[in-house]
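Hello,

Here is the structure I promised to pass on to you. Please open it first, and then read my notes below.

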Amino acid sequence: MSRVYVFHEYGGPETEALIERPVPEPGPGDLLVEVRAAGVNPVDWKIREGRLGRHNEPPVPMGREVAGVVTALGTGVEDHEVGDEVLGMVAPGQGGFADHTLLRAADAVAKPEEISFAMAATIPVSGTTAYDLTHAIELEAGQAMLVLGAGGGVGHLVAEIGRVHQFTVIGIASQDKRELVESTGATFVAAGDGAAAAVRELAPDGVDLIVDIVGGQALRDVAPLATSPDRIVSAADGATAIELGGSGRTNDPESMEKITGVIGYQVITPRITGEFPLDRAREALALVEEGHAAGKTVIVP
Ligand SMILES: NC(=O)c1ccc[n+]([C@@H]2O[C@H](COP(=O)([O-])OP(=O)(O)OC[C@H]3O[C@@H](n4cnc5c(N)ncnc54)[C@H](OP(=O)(O)O)[C@@H]3O)[C@@H](O)[C@H]2O)c1
């Protein structure tokens, strides 16, 4: 048997539970993976609330991104072997907060030896999102990038990528995330009413890219700082970004390979701020659902 964290009804967290089930059987093209770490993301509770549709019959397994060790192969898998260390998005209908899960072999990437399973588990969702956002509009070294939500799971990686590209990075986050934001090399600006004016002082001619991971009014407040409205890109609130003249995230299918390589070279470091065992998955999810997470929270079965 194998444990998996599920929800029994679309809605609030009350029906989340850790249950036992047989170890999943890999179908054609699948990898069976012993999970070593799984990243927790806002999308986990958004799925549970039904905000992305009600596609699966409960109990619905939770958790989208994992890193682990391959323990069995489905038919037709040629590029992976039992014992490989991999990372990836879990296969449709599967959950990552589990002892075992299935990945589509075609979507799984080798875990770099140099990084931990916990770090690797932050790549499939947060890492790829940060990569896509920072490459939506190509900036040159020295140009200014504003990160709205720079202290969160995606935001701190956006700031790190900006540093590697030698952009001038300004990160807006709440006061308690100052140290984390500054550790990425970004200039910290406190979130709130004075944020836009503070950024204007730092970048009087405006910023060449706004990467938004918050949305709503906070995005509207800083939008006029962009040198041009099409230099706004948002993962959190594509609708508002488009209304303002910008865009939502565009998924590049090669992002996972690319950001895995960069993190493998250890020029970018995912900050793991909370590690929870599987039997405390509820706490890990609640922490992220509160919306004030710093860096990444992972579940380590
Ligand atoms: N489209 C996609 O493919 C995609 C992929 C990944 C994530 N997302 C979305 O992007 C959003 C963020 O994801 P995440 O994983 O980074 O979440 P997270 O780890 O929970 O981080 C969110 C961060 O936003 C900060 N924040 C909230 N209000 C703020 C404000 N007014 N100014 C500055 N910072 C503020 C929070 O901290 P404080 O409140 O303490 O400041 C927190 O650090 C979510 O809505 C998620 O669903 C979308």
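This is a predicted model: local features need pLDDT of at least 70, side-chain atom pairs count only at pLDDT 80 or more; totals for chains, interfaces and linings use all residues.

Residues are numbered from 1 along each chain as its sequence is written, and side-chain values use heavy atoms, with hydrogens and water left out.

Let's start with the ligand. It is surrounded by 24 residues, and the closest are Lys46, Lys177, Arg249, His292 and Ala293 (near means that a heavy atom of the residue lies within 4 Å of the molecule). H1, helix H3 (123-134) and E10 each supply at least two residues of this shell; helices (H or I, at least four residues) and strands (E, at least two) are DSSP runs, numbered from the N terminus. A polar side-chain atom of Arg249 lies 2.7 Å from an oxygen atom of the ligand, and a polar backbone atom of Gly153 is 2.8 Å from a ligand oxygen. On its own the ligand has 910 Å² of accessible area, of which the protein covers 80% (Shrake-Rupley method, 1.4 Å probe).

Next, have a look at Glu65, in strand E5 (residues 65-73). Glu65 is buried, with a relative accessible area of 0% (buried is under 20%, exposed over 50%, partly exposed in between, with a 1.4 Å probe and protein chains only). Its side chain makes a polar contact of 2.9 Å with the side chain of Lys296 (a pair of N or O atoms within 3.5 Å; within protein, one must be able to donate a hydrogen and the other to accept it, and residues adjacent in sequence count only if both atoms are side-chain atoms). A polar atom of the Glu65 side chain also lies 2.6 Å from the backbone nitrogen of Val125.

There is an open antiparallel sheet too, with 3 strands in the order E2-E1-E4 (strands pair if DSSP finds at least two bridges between them). Strand E2 (16-21) and E4 are at the edges with a single partner strand each, so one side of each has no neighbour in the sheet. Phe7 has Val60 in E4 as its bridge partner.

Finally, some backbone details. The peptide bond from Pro58 to Pro59 is cis, and Pro59 lies in the loop between helix H1 (42-48) and strand E4 (60-61). Gln166 has a positive phi, near 60°, without being a glycine, and at 56% relative accessibility Gln166 counts as exposed.

Best wishes
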